[in-house]
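Let's take a walk through this one together, starting with its aromatic rings and ending at a hairpin.

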Amino acid sequence: MDLNLNLLPAEKKKHLKYIANFLLTKDILKLIILISSVLSAVLVWSWVFLERDFAGLAENALAVNREFNAYNQDVKTINDLTKNINSSNQNFAPLTPKLKELINALPSDIKINSLQIDRQAQTLILNGEARTRQALLNYQDVLNKITWISQVETPASQLFQKENINFEFKAGLKNFALKGGATPSKPKPRAIED
């Protein structure tokens with residue numbers, strides 16, 4: 001059998017209960033203040049470290065931007081150059097086989113001084129010297145037989161001389177047009193000088 005005997009008066013009991021509750025509340029508040037202090041210290045230190053790290057990152061980002069700005073400009077220049085190369089390649093036509101055919105058809109009594117090819121205007125201009133009038137007429141016939149040249153014309157005034165005739169043939173070109181009907185920004189006729 002359990003027997004609890006309390007001989008304290010009710011007012012003292014109430015006062016003791018009040019003191020116990022007060023001490024418990026005081027201990028809880030101390031614990032809360034201690035935890036709050038620790039958390040505050042941790043937050044302040046983390047804020048200091050984060051601010052320092054952020055300043056370091058900002059410095060690094062600024063340094064990287066300064067350092068790689070030149071690289072970015074180089075990449076942009078290379079991209080522009082690549083774009084220009086690709087756009088110039090669109091209108092590429094192999095000229096060497098056609099020039100080889102023209103050179104192989106050249107007789108020994110004809111000397112070519114200059115050759116101009118204008119792809120935009122579809123024209124070919126040959127300047128040179130022929131030893132005789134007959135050699136000049138024969139060369140005009142040879143040029144008319146070349147498949148990529150059409151309408152070879154020579155002025156009649158060049159046929160008045162018999163020997164050492166300076167001539168200029170003007171002709172049209174076949175299948176030499178720019179692809180896609182594009183026109184180059186600066187047409188540059190190709191010239192071969194002797």
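What follows covers the rings, a neighbouring topic in the helix, and then the strands.

A quick word on ground rules: this is a predicted model, where local features need pLDDT of at least 70, side-chain atom pairs count only at pLDDT 80 or more, and totals for chains, interfaces and linings use all residues. Residues are numbered from 1 along each chain as its sequence is written, and side-chain values use heavy atoms, with hydrogens and water left out.

There are 3 aromatic pairs here, a pair being rings of Phe, Tyr or Trp (its six-membered ring) with centres within 6.5 Å; planes under 30 degrees apart count as stacked, over 60 as edge-to-face and the rest as tilted. Take Tyr139 and Phe169: their ring centres sit 6.0 Å apart with the planes at 45 degrees, so this pair is tilted. Tyr139 belongs to helix H3 (residues 133–145) and Phe169 to strand E4 (residues 163–173), so the pair ties together parts 30 residues apart in sequence. Helices (H or I, at least four residues) and strands (E, at least two) are DSSP runs, numbered from the N terminus.

Now for the strands: E1 (residues 110–118) and E2 (residues 123–132) pair antiparallel over 8 bridges, pairing requiring at least two DSSP bridges. They form a hairpin with 4 residues between them, and Gln122 in the turn has a positive phi of about 60 degrees.
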